[in-house]
Amino acid sequence: MKRIVLASAALVVLIALWVALFVTFRSTEQVLFPDGTYQVYPVTDSTVGGFSTVELSQSDSVISARVNIRSGMAYPYAGMGVNLLSIHNRPASGYFDFSDYDSLIIDAETDRMRKIGVKILNDDPVYSQKNDYRSYRPMISQVQVRKNGVAVSMLDFKVPEWWFAMQGLEKDDGLRYMNRGMLFEITNGEGTMLGIPDEITVRSIKLWGENRTFKALMYVALAVIAAVYAGVVALAVRGSERSVKKRVEKEENLKSRMASAAKLLRESDRSVAEIAIAVGAGSPSSFEKDFVRIYGVKPLDYRNQK
């Protein structure tokens, strides 16, 4: 029973530790802004022949892009970007890995437009060329502007058809290369009016994802804890059963020896010391104690009564 109590106490401590670790590390989060180490830059369609303009201002807590979307290309745009390969945050692999995350959380607001365009630019090992913005594979999603932020599933990002056409592809090849991120951009979306200035204000950009490897290891650890606890309890129960069995056997053996002693006391004139030796008692005093426990009287009293 003592072992079970100790094992149960240890189980409670381990479960509490497991819960604390699970809650703390079950998810992973990356802050793109405000972070202080990622370079923020203005984005316009001038790189692809457009005439849209942007006035970018930034503080420690807010990025503001005043955009004026003008005609001049099929998909005019302007806004702000985050260099995911900034010198102070350059990943060891050389690319930013979006595949580690499940959703994007953006806290932004606009003056007129209902949605903002969110673009992830990935390095395509086939079509992308070094320092050629137009060759990066874009993943785009239109995000509803909501107060206090909005979460966007990474599954909502799609490669636009015009990019496939630009690369000479007739249809979506199904590739994404989300583990080869280069740039992240926020531009105008639905509700933009050509020639009329609008403003995009961003307060935070975060990536969130489940730490699947960690969670799998934690579940394995929980199974091991449960198995060890069950094993300790099983051993303790078996040990208790053996202990009880030994006590019963010892008691039966004692009753048998005291019964033999009682018979000798009734039917012989041997001394108590001799009878104690005959029934295997350690000493006359221990024999007397055992006899009193079984029959309730001392050996000589028992003889006199009989």
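Colleague: Quick one to start: which residue stands opposite Gly 81 in β10?

Modeller: In this model, which is a predicted one, Gly 81 stands opposite Glu 185 of strand β10.

Colleague: And how many bridges join β5 to β10?

Modeller: Strand β5, residues 78-83, is joined to strand β10, residues 181-188, by 5 bridges, and the two run antiparallel. Another position you can look up along this pairing is Gly 79, whose bridge partner in β10 is Thr 187.

Colleague: Which residue of β10 does Ile 120 stand opposite?

Modeller: Ile 120 stands opposite Phe 184 in β10. As for the strands, β7, which covers residues 115-122, pairs with β10 in the antiparallel sense over 7 bridges.

Colleague: What's the strand order in the sheet?

Modeller: The order is β2-β5-β10-β7-β8, an open sheet of 5 strands with antiparallel pairing. The edges are taken by β2 (39-44) and β8 (137-144), and because each of these has a single partner strand, one side of each is left without a neighbour in the sheet. From one strand to the next, the twist averages 25°.

Colleague: Is β10 mostly covered or mostly open?

Modeller: Mostly covered, since 8 of the 8 residues in β10 are buried.

Colleague: Switching to the core: which residues touch the most other members?

Modeller: The largest nonpolar core has 39 residues, and those touching the most other members are Phe 98, Leu 104, Ile 116, Phe 184, Ile 186 and Ile 205. Strand β11, residues 198-210, gives the most to this core, with 4 residues.

Colleague: What is Leu 104 in contact with, leaving aside its neighbours within four places in sequence?

Modeller: With those neighbours set aside, the contacts of Leu 104 include Val 118, Val 150, Val 152, Met 154, Phe 157, Phe 184 and Ile 205, and Lys 206 is also one of them. Apart from this core lies another, of 13 residues, and among them are Leu 254, Val 272, Val 279 and Phe 287.

Colleague: Now the aromatics. How many aromatic pairs does the count come to?

Modeller: The count comes to 12 aromatic pairs. One of them is formed by Phe 96 and Tyr 101, which are stacked, with 6.2 Å centre to centre and 20° between the planes.

Colleague: Are those two buried or exposed?

Modeller: Phe 96 counts as buried because its relative accessibility is 6%, and Tyr 101 is buried as well, with a relative accessible area of 11%.

Colleague: Why is the pair of Phe 287 and Phe 291 called tilted?

Modeller: The ring centres of Phe 287 and Phe 291 are 5.9 Å apart and their planes stand at 50°, so the pair is classed as tilted, given that stacked needs planes under 30 degrees apart and edge-to-face needs over 60.

Colleague: How far apart are Phe 287 and Phe 291 in helix α5?

Modeller: They are 4 residues apart in helix α5 (residues 284-295), and therefore separated by about one helical turn. Phe 287 counts as buried at 0% relative accessibility, and Phe 291 is buried with a relative accessible area of 0%. Ring pairs also link Phe 287 and Phe 291 with Tyr 295 and Tyr 302 into a cluster.

Note on methods
Residues numbered from 1 in each chain as written. Predicted model: local features only at pLDDT ≥ 70, side-chain atom pairs only at ≥ 80, totals over all residues. Heavy atoms only, no water. Phe/Tyr/Trp six-rings, centres within 6.5 Å; stacked < 30°, edge-to-face > 60°. Buried < 20%, exposed > 50% of the residue type's maximum accessible area, 1.4 Å probe, protein only. Pairing = 2+ DSSP bridges. Axes fitted to C-alpha atoms, helices over the stretch in contact; angles between N-to-C directions. Core = buried A, V, L, I, M, F, W, Y, C linked by side-chain atoms within 4.5 Å. Contact = heavy atoms within 4.5 Å.
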